[in-house]
Amino acid sequence: MSWLSPVIVASLIAMLQALVILLVAVLLGAVMTVVERRLLGLWQDRYGPNRVGPFGSLQLIADMIKIFFKEDWIPPFADRTLFVLAPAIAMASLLLSFMIIPITPDWGVADLNIGLLFFFAMAGINVYAVLFGGWSSGNKYALIGAMRASAQTLSYEVFMGLALMGVVAMTGSFNMRDIVNAQQGLWFVIPQFFGFCTFLIAGIAVTHRHPFDQPEAEQELADGYHIEYSSMKFGMFFIGEYVGMVLVSALIVTLFFGGWHGPLLPPVVWFALKVAAFLVLFVLLRAALPRPRYDRVMSFGWKFCLPLTLINLLVTGAVILIADPM
Amino acid sequence: MEIAFYLSGLIAVLATLGVITNTNPVHALLYLIVSLISVALVFFALGAPFAGALEVIVYAGAIMVLFVFVVMMLNLGDQGAAQERAWLKPRIWLGPSLLAAVLLVTLIATLWSGDAGRMVDGEILTAKAVGTLLFGPWLMVVELGAMLLLAALVTASHVGRTIPPDKPRINAESGARKEVS
């Protein structure tokens, strides 16, 4: 067994970890589609899908079989290259962002020193999925959806970055592991409460979830940018949205709720519990809130959230300087 | 890192050629995005991950979104492609490419005489180092840039303002105030 040197073993373990994280992220995204429908049923006082398997637990498999065997249709008026590329961007950019999330002290894919910036970069790339998907479909509803998505992204990406700069300033690093370790005593949700609130809003906007789902509003746009998609191409947009939900929940937990820190239970359990709590919050928001008008969403972003994050950053910087004058 | 540097440099050059020669404006923009991302990878390979990440966030993630947005709204279609093809005649591109070739020769000659290997394996610049540089020796430039951006912001909001009506318009039938936005 001479080829089994420590370096090779270490890299094999790292690869296995990355693979497990990838699979768990995708599966969790898929499972969330069913969990969301059950939870919505519970809160809206109806049953939800409960026919397939015990308590509707096999609904996911039924959905999967259906979506895989649908005809994969590309409209003749569509721009083929971009039409095929868009769902791949949607899925890949979000899945790549899982790379930076540290799950436990020794689980995680990459330990980048620009960690958080990598997420911003991927969130920036993710916009093109919606833009290209909407434009290449050659459909006016899809185009309106894409237009809304890009306008919404421009108004939310700016303060999403600023909302997290408070955390970065307190830690003194973009590295996610450093950020988690800095929260050993006090979770950042308390000193950075406004940063947390604004990042939660921006995170919902990034995933195009309710109440920021104007790009795909069913009632007015008949599903917006992915209206022409069918089969697994639609599936990738659909699962991508839930993967984005998981990603934003994991980011919130890592940045504001101490990551794996917690008493008694092992780190991975704490991480999973916190992420699950935020996933449920996402669903609850969808169940509880109506969809605001499109221009109000944008003016809320620019006129309320952006000044709030700027003031938050200013105060954070002042407190850091007062507490520790160099 | 050297392989990554040369590979992403090659992709950047090829993608930029794609931007110039492609007749479909949206496809050309897609090439431009690829080109920007590969330039970001060149930064990573040079040991400046902060600059690389900012390149993707600012250029690929924000500015190009605006470009794509505008081109999509214009919806040029076949007419635009025909126009592009007309512009790609040798008579038009020969002169500029000759001048650019002279620049390329100068650049290659400069690189040839210098020590290129040292540049590829630079030390890693952290965000902190960049910040210290920006707010230390380069503070004046940063402030001037900020002033320029502020002036641009004020101008844009002045040009794009909507003129408020002198008095709230009353809808004659219902007596309710009419939505102006």
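Student: In chain B, what share of the contacts with a separation of 6 or more comes from residues 24 or more positions apart?
Tutor: This is a predicted model, in which local features need pLDDT of at least 70, side-chain atom pairs count only at pLDDT 80 or more, and totals for chains, interfaces and linings use all residues. Residues are numbered from 1 along each chain as its sequence is written, while chains are lettered from A and ligands numbered from 1 in the order in which they are written. Two residues are in contact if their C-beta atoms, placed from the backbone, lie within 7 Å. Among the chain B contacts with a separation of 6 or more, the share from residues 24 or more positions apart is 61%.

Student: How many helices does chain B have?
Tutor: Helices are DSSP runs of H or I with at least four residues, strands are E runs of at least two, and both are numbered from the N terminus. The pattern along chain B is α-α-α-α-α-α-α-α. Chain B has zero strands, and its helices number eight.

Student: What percentage of chain B counts as buried?
Tutor: A residue is buried if 20 or more other C-beta atoms lie within 10 Å of its own, exposed if 12 or fewer, and partly exposed in between. Chain B has 181 residues, and the buried part is 19%.

Student: How far apart are the centres of domain 1 and domain 2 of chain B?
Tutor: The domain assignment, which is automatic or from a database, gives 1–89 as domain 1 and 126–160 as domain 2. Taken over C-alpha atoms, the distance between the two centres is 25 Å.

Student: How far apart are the end C-alpha atoms of residues 134–159 of chain B?
Tutor: An unreviewed UniProt entry lists this span as a "transmembrane region", along with 6–22, 29–50, 56–76 and 97–114; such annotations may be inferred rather than shown by experiment. Residues 6–22 of chain B are 94% helix and 0% strand, with end C-alpha atoms 24 Å apart. Residues 134–159 of chain B are 85% helix and 0% strand, and their end C-alpha atoms are separated by 32 Å.

Student: Is Met122(A) buried or exposed?
Tutor: Met122(A) sits in helix α4 (residues 115–136) of chain A. Leaving aside neighbours within four places in sequence, Met122(A) is in contact with Ser93(A), Leu96(A) and Ser97(A); Ser93(A) is 29 residues away in sequence but 5.3 Å away, C-alpha to C-alpha. Because it has 22 C-beta neighbours inside 10 Å, Met122(A) is buried.

Student: Is Asp45(A) buried or exposed?
Tutor: Asp45(A) lies in the loop between α1 (6–43) and α2 (59–68) of chain A. Asp45(A) is not a glycine, yet its phi is positive, about 60°. Its C-beta has 6 others within 10 Å, so Asp45(A) is exposed.

Student: At what angle do α7(A) and α11(A) cross?
Tutor: Axes are lines fitted to C-alpha atoms, for helices over the stretch in contact, and angles run from 0 to 180 degrees between N-to-C directions. The axes of α7(A) and helix α11 (residues 294–323) of chain A come within 9 Å and cross at roughly 145°. Phe194(A), Gly195(A), Thr198(A) and Ile201(A) of α7(A) make this contact with Cys305(A), Leu308(A), Thr309(A) and Asn312(A) of α11(A). The angle asked for is roughly 145°.

Student: Within what distance do the axes of α5(A) and α7(A) come?
Tutor: Helix α5 covers residues 140–171 of chain A and helix α7 covers 193–206. The residues that meet include Tyr156(A) and Phe159(A) in α5(A), and Phe199(A) and Ala202(A) in α7(A). The axes cross at roughly 145° and come within 8 Å.
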